[in-house]
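Dear colleague,

I am passing on the structure we spoke about, together with some notes on the contact between its chains. Please read them with the coordinates open beside you.

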Number of protein chains: 4
Amino acid sequence: MEDINLHFTGDFHAVTSAHNLLAAMIDNHIHQGNELDIDARRVLWRRTIDMNDRALRHIVVGLGGKPNGFPREDGFDITPASEIMAILGLSLNYADLKKRLGDIMVGYTRSGKPVYARDLKAHGAMAALLRDALKPNLVQTIENTPAIIHTGPFGNIAHGTNSILATKIALKLADIVITEAGFGADLGAEKFINIVSRLGGWAPKAAVIVASIRAMKFHGGVPKKALAEENVEAAVKGFANLEKHIENVRNWGIPPIVALNHFPTDTDAEIKAIAEKLDELGVPWALSDVWAKGGEGGIELAQKVLDAVENSNAELKPTYDLDEPLEDKIRRIAIEVYGAEDVDFVGKTRKTLKQLEELGFRDAFICMAKTQYSLSDDPKKLGRPTGFRITVREIRLSAGARFVIPVTGDIMTMPGLPKVPAAVNVDIDENGVISGLF
Amino acid sequence: MEDINLHFTGDFHAVTSAHNLLAAMIDNHIHQGNELDIDARRVLWRRTIDMNDRALRHIVVGLGGKPNGFPREDGFDITPASEIMAILGLSLNYADLKKRLGDIMVGYTRSGKPVYARDLKAHGAMAALLRDALKPNLVQTIENTPAIIHTGPFGNIAHGTNSILATKIALKLADIVITEAGFGADLGAEKFINIVSRLGGWAPKAAVIVASIRAMKFHGGVPKKALAEENVEAAVKGFANLEKHIENVRNWGIPPIVALNHFPTDTDAEIKAIAEKLDELGVPWALSDVWAKGGEGGIELAQKVLDAVENSNAELKPTYDLDEPLEDKIRRIAIEVYGAEDVDFVGKTRKTLKQLEELGFRDAFICMAKTQYSLSDDPKKLGRPTGFRITVREIRLSAGARFVIPVTGDIMTMPGLPKVPAAVNVDIDENGVISGLF
Amino acid sequence: MEDINLHFTGDFHAVTSAHNLLAAMIDNHIHQGNELDIDARRVLWRRTIDMNDRALRHIVVGLGGKPNGFPREDGFDITPASEIMAILGLSLNYADLKKRLGDIMVGYTRSGKPVYARDLKAHGAMAALLRDALKPNLVQTIENTPAIIHTGPFGNIAHGTNSILATKIALKLADIVITEAGFGADLGAEKFINIVSRLGGWAPKAAVIVASIRAMKFHGGVPKKALAEENVEAAVKGFANLEKHIENVRNWGIPPIVALNHFPTDTDAEIKAIAEKLDELGVPWALSDVWAKGGEGGIELAQKVLDAVENSNAELKPTYDLDEPLEDKIRRIAIEVYGAEDVDFVGKTRKTLKQLEELGFRDAFICMAKTQYSLSDDPKKLGRPTGFRITVREIRLSAGARFVIPVTGDIMTMPGLPKVPAAVNVDIDENGVISGLF
Amino acid sequence: MEDINLHFTGDFHAVTSAHNLLAAMIDNHIHQGNELDIDARRVLWRRTIDMNDRALRHIVVGLGGKPNGFPREDGFDITPASEIMAILGLSLNYADLKKRLGDIMVGYTRSGKPVYARDLKAHGAMAALLRDALKPNLVQTIENTPAIIHTGPFGNIAHGTNSILATKIALKLADIVITEAGFGADLGAEKFINIVSRLGGWAPKAAVIVASIRAMKFHGGVPKKALAEENVEAAVKGFANLEKHIENVRNWGIPPIVALNHFPTDTDAEIKAIAEKLDELGVPWALSDVWAKGGEGGIELAQKVLDAVENSNAELKPTYDLDEPLEDKIRRIAIEVYGAEDVDFVGKTRKTLKQLEELGFRDAFICMAKTQYSLSDDPKKLGRPTGFRITVREIRLSAGARFVIPVTGDIMTMPGLPKVPAAVNVDIDENGVISGLF
């Protein structure tokens, strides 16, 4: 467990290194005569670090005079938000990886032309740094079943799923492959359907929606501290949130199964009430006791999934066509998947979308950056909010991943540490045994 | 080879992560109420990255308003210059590692009191991140002999040698252990004698000084482009540089052996002239043809080393006593080891040294940061310069390593990339084969 | 003319000095122990300079280490946008001036409480610096008639009119006082009615709207280069813009008179067409030839104004009541005065308005910052646009002036120089005669 | 008095405006295509403000993205340190003023060539802004005698004297002209002799050295709080400081007179002791009671001055020849005028001096920036220190003034406010009467 949570096989470090190599080569190019005439004010390629570090969100680099290059505004994103992480998760082989790395758009010239990583001849070395990271990592669960863990694009700011290569390998090795698409049907599943499955060329036979009565009570208005107390009414009210996720999955043409993560505090009355709601919707479901009992606790759920897969009539219906205008694609996701009324494109975002279409990115995927705490872009809007608008405050381009990334609400691509960082509780004893990681 | 040169076992990444975790915790502490009253202007702990990136030498972080913390001046050093790298190289076990990490002085409070990593409760998690990195790495040469590679503190800005743990393990496993102390007798050997050997508790039986006629010609005034041409006179003139290294080693009480790296362009006349100079000094020497012929080419040298070790009357005489004033220790190194006339302490460096003595660091080691291109602090002063002064322009403290670091001349703790970065020539083919690394 | 355009009586310099004294005292307070616990990230008081200097819009100050104070983000506004300029224009006497200066809110403490200029004891010295600047300046026109010029708050970013004191003095000295309220009925007049007249305690008897056929053609879609050509149709189309200004003035209960600034390029057909439109609306008007003929050219206009004043049944009807919520007041101006559909409060602006109401500023005046080139907040929307929304992207508070300032569209409080600055053409000869100012 | 101390005739504001106009034009030029290829890292022209504001010493401007220009490091100096102030004080007429303004070197191109204000066509407008400021200001003392006050270059960071124009006018109007050269013989007098008199083409007949027993006691080691107590010994000890000033004046070939400012706390014994020392040196002297008694109190001193002037055999002997190398000129001042042992040129200062000589500034004046609190560059070295070295840490060029400015010790060209700024005590009452200025 520590191995996975600390450095694992070093893939994140490799992504960080490849990312920052490109950043260093950009500043070096500007410093060494700037043959490409890169506009220091319009460098789009930020730096990256695998650390929650708010102080690095917005920085000024290149200070200290002539030997240190030209001052410019910059910032660090967390490694999972790096375009390199996305590219690594999407690349099918070394040639694909290298092409995508070369396609990264790093900024503009002073006359407004795009500059790509290949213009800096950075992509070969970047790919070399990623040589081992492109290979999926095989691990085993505590019950010794195999699992493939590969790449870590967070679902709120990136595409949120295991790598395509990992899934392809798994599909060759097993009868049934289960993959996780992080954070819910609004984020992980949306991206898994609209981006990853299209690129992977597959269609999922069924989708497990992981839910809990505890979470429903929270969405029903119960404060965190009171979640241990029975509250049937709130659970039923908060069920509206789950209902939207079920609807979304059905809209994509995939049969849903609900896994109810069983908490010791769930009461019979609560379970009964939610069971009734689920039955009303005709959705198969099971209590999951995997946390408490291991594989044993998931047998009923597994059986339901097997049934669903065997009888699946899944037919993938993505939310948008790739050749629609970028604005329309974003609007479709917001309205159809989130349930928003409409989208507000503030500042220069609409202008940026037009420029990107002119630069040839009209057919790009949309990779939303949105809070995972609400179906809306406001973490405080719980349950199944209606009448809300999504605010797109920034547009980023991941040209190598072919993603257009609308940054919505207050979502950030670099988190901060809490008042008491988890690190404070981590320790290692004289024998090298680590404690406090969980 | 790529494995060692790319990510190896991830030790550098672990050092980088541990280092930057502490940095993030400092800024987070200031942001979250600043209970310790850390003075944002006097944070000494910079950030680190394993990249040549001049744009990060001097930066401003924490911009963008209240959610991003307090703005302050900061910078990145290259990972080999990180105090964590030094600590890793000096720590004897997990307890020692954790203690040293906790001892790191990260800055001052507004009222001028020192703040340590342990005050932020950061050292446990940092040590956990270094769990595997503390373990030395066993590799094999292309002739399948074992070698232990562990930690990478560059000799011009750090202590320049393999870890103490690696050496201790080697000493238990082999009859003869050879270790490299980077960059010459002025830097690597000085620190190996004065810092590492004292901490390791050993005394080297002999010291191999690696030299080349090519380098002697360079020190004798020959421009790089003309080094392939015979120039006995210049070689003899440049021999003065080697002579100083030999003297230094003898002053430390250790018998030197000179390994003359044999280049195809060395002429018989040149070799003869240098051989005479070496014989005059009574120092054993051998031509080394290891680069061309492998182990075969080093047999004569190995024999000389064995002789020296067997007949050694080595008695370690460090350059300074630990309880001398910091200024005196620095001056001793400059005068006795570099051959300087004296030291200029500019700006606030003398004041800083006094403060450090008051804070209890009078008995700290001195770890000079100095160019490796000259015995002086000016890379243009070749041969064996005299009459020069060493300029100490900044004093840094590595409290966990118990190093006081005088930064001299123009030496920088973050290099920049050249006009054409090596990365431009690195590539990977469709089978994952890397080219262009050397 | 140079006297007025260069340094005049030094009032702008005095405003600049008083403004920057407060800024220096804030940073000094933070540096010297920060007894008030001012949050360096939430200092609202920027610096000011009487120069078009875009490089100063957004800066970081306090760099260079401990002796230079704490780094923080800051910026300069142009002097006419300074709150001090507004205060100077509104103050009735020294006591009022000093009170208002003391009331300036400079920022927040770390615990979120407001900090005022009086907390820093800065207002006495600031008032002393403004001693002479508070006195209105009497000048004469080139026909030797008196004019009082006092304070310079630009109408697009501030309240846009002569000082209250100047107008009060004029009202005591003359039968008829004419004052200019810069940039049109949407900006200058709106603020003159809703802010200045309420504070001055007067009601204008009539309002002269200065228009030109040239401008109407521009609003009718004619590009700048073609404005010299006859285009009756465009003039009539662009008349819609003037019509809105006339409506606005009438809505405030004031009889309008239109002054048509006569350009040599105006054709009879154009004048006839516009005259008909004005007659249709029943608004008195006259051609003004003052630019070409001096006072002589304004006699007809003057007669019309006298008639209007003598027969005035003006009854001031401000756009909003002071006790309405801030959002409502802003919305009223946008909808009723600009003709907008609604207002978009983006980012944290709505939250800021609520905080200001909680801090006791619900009854503050609204002083819009909006482009003068359009009735909307988009300089490209000419004529009388409809169906548009006003975007409030920032809320500023001038607590001493009791202004809440919604910053709309892309309006900036610090202009930049054009590609060829006017200064390039300014010169002085050996006798001190200045050329090129106009 | 307030008039002179607040805005006076606006000359400082005019200098500030002209200075900052040039700064704005530089950044604007870079922003608007940078036709001259100015290197943003090597702009030498800082900004200026007439305010003690340490937060502006070192700043980063041009932040906030493309519309705000290119980020770069910058800073503000206080207006008396502005090269414009120096130029204004040296210019003989409008043509000279304009030429000097055009000669200002603002920075370097990326290829290392100098860029001048005239290249930006800024000097005409700058001169226009200074039209009235070039004219000396006539005021009267409280005894109604005339005085000309013109320009304010502080003697510790600039050339420290009234303008040449003011002195020339005075010389035409009066039999005897007395001018003040700020801060002592080491600063004001040195510059008056070596710079101003050479440019003005005059030779002073005599020099009054203003001293006080109080100051001598301070230089003799008495802490400030104890200066009111009699201490003959300390006064005699501190006399060494005055002795050096007397020697300096004599070395320049000018007869000195000492004015002893009479303090109520001076005791007869102290006066007697100092009188003896002065008589020993054969220097004429008088007690001055002007502060207490007005002109009446200065009659004896005036008589001594008249005697000295009438019997003067003054023959001006400047410290250096203009055609000596820059380093030599600096060394001469340090050794001969300050009594230093030698000069340390740290960092890149020696290199800069060489570059300036190559650019044609070998014949420039030297205008030292040095603390006024000591004959050395260390404000703590009182009395007549010996054995000290002057540290030149930065070289600035005022090409329009033809000054090379060695910045020594810790002297700063932008002061900061004290813990309790004087402004805190300044107030204005309801009648506009200012209090607290002194």
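This is a predicted model, and the confidence values come first: chain A averages a pLDDT of 95, with 100% of the residues scoring at least 70, while for the complex the predictor gives an ipTM of 0.94 and a pTM of 0.94.

Turning to the interface, chain A and chain B each bring 60 residues to the contact, and the area buried between them comes to about 5200 Å², of which 64% is given by carbon and sulfur atoms. On the side of chain B, the residues that lose the most area to chain A are Arg54(B), Arg131(B) and Ile428(B), which together account for 11% of what that side buries.

As for the polar part of the interface, 31 residue pairs are in polar contact between chain B and chain A, counting pairs with both residues at pLDDT 80 or more. The two chains are also joined by six salt bridges, one of which pairs Arg131(A) with Asp3(B), with the closest N and O atoms 2.9 Å apart.

The elements of chain B that give two or more residues to the side touching chain A are α1 (2-5), α2 (11-31), β2 (47-49), β3 (59-61), α4 (94-103), α5 (123-129) and β17 (427-428); of these, α2(B) gives the most, with ten residues. By residue class, that side of chain B divides into 29 nonpolar, 16 polar and 15 charged residues.

With best regards

Conventions:
Residues numbered from 1 in each chain as written. Chains lettered and ligands numbered in written order. Predicted model: local features only at pLDDT ≥ 70, side-chain atom pairs only at ≥ 80, totals over all residues. Heavy atoms only, no water. Contact = heavy atoms within 4.5 Å. Buried area = accessible area lost by both parts, 1.4 Å probe. Salt bridge = Lys/Arg side-chain N within 4 Å of Asp/Glu carboxyl O. Polar contact = N/O pair within 3.5 Å; in protein donor to acceptor, adjacent residues only side chain to side chain. Helix = DSSP H or I, 4+ residues; strand = E, 2+ residues; numbered from the N terminus. Nonpolar A, V, L, I, M, F, W, Y, C, P; charged D, E, K, R; others polar. pLDDT = per-residue confidence, 0-100.
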